[in-house]
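Work through the exercises below with the sequence and the coordinates at hand. Each task is followed by its solution in steps.

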Amino acid sequence: VTCHQSLVTSHSSPVTRHQSLVTSRSSPVTRHQSLVTSHLSPVTCHQSLVTSHQYTIMITHFYTIEGEAYGEYREKGSKFLAYAHPITQEEEVKEWIDVYKKQHPKARHWCYAYRLDLEGKQFRANDDGEPSGTAGKPILGQIDSKELSKVLVVVVRYFGGKKLGASGLIHAYKTSAADALEKAKIIEVKIRSYYQVNFAYERMNDLMRFLKHEELKIIEQTYDQGCILKFSIPVKEQEGVLNNLGKLYDITTKHLYTK
């Protein structure tokens, strides 16, 4: 190897612990590759490969809550009732808000926050008439403090007649949301890739032998016009399974989706 290589620690990037392998100008290699630990997302377990200053995040798993949970906080006559829910799409947010407006028609505010996607870009914090930043943001802060995704927290407030001030409101919404999430069961969900394999019937035994993996799930098998098998595997484990499939002939493997 004739090129001059140096390990550079970047001080100009907002991303900490940024290490990059830089090839000198005299080298014919122009691609700049970096391994980045990103702090933009609440999901901490991910890896990213940077090429030409653009990066793709590979997330292997995330954390969410298994079911509904309830918490509350009371201060100077006001009641803050917090409801935490696992969700998978934004449409569910409005549905839950409508539910609590019907359950608590005499409440003053129905504030909420959610974080939905795994990259940390699809989220919202809503103050519902409270002073800006005193309700939705503290609720979202509690979701992020536990590094959760696909979670909604709604806090219903009954006004007690005395104002709490900005700091009092922040504390109340933060505490009630924290109480609900503390009571929720947090679970780890592995991201899975889904594949379709087309093969000749006489290859069935060989195929099934190569697909033996404790975390592989067969989703569907059809034998009408040719043999088709669909399966899913955690993204962290898929490389070994795909390598095994690559050793077989007379089969085709197609990636369907990852979620």
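**Exercise 1.** Find which exposed residues lie on the face of α5 turned away from its buried side, and describe the buried side.

Solution. Step 1: the face of α5 turned away from its buried side carries the exposed residues E239 and G246; exposed means over 50% relative accessible area, buried under 20%, partly exposed in between (1.4 Å probe, protein chains only). Helices (H or I, at least four residues) and strands (E, at least two) are DSSP runs, numbered from the N terminus. The model is predicted: local features need pLDDT of at least 70, side-chain atom pairs count only at pLDDT 80 or more, and totals for chains, interfaces and linings use all residues. Residues are numbered from 1 along each chain as its sequence is written, and side-chain values use heavy atoms, with hydrogens and water left out.

Step 1: Q238, V241 and L245 are the buried residues of α5. Seen down the helix axis, they fall within an arc of 70° (taken from the directions from the axis to the C-beta atoms), so they line one face of α5.

Step 2: the cover over these buried residues includes β13 (192–199), α4 (204–210), β15 (227–234) and β16.

Terms used. Contact = heavy atoms within 4.5 Å.
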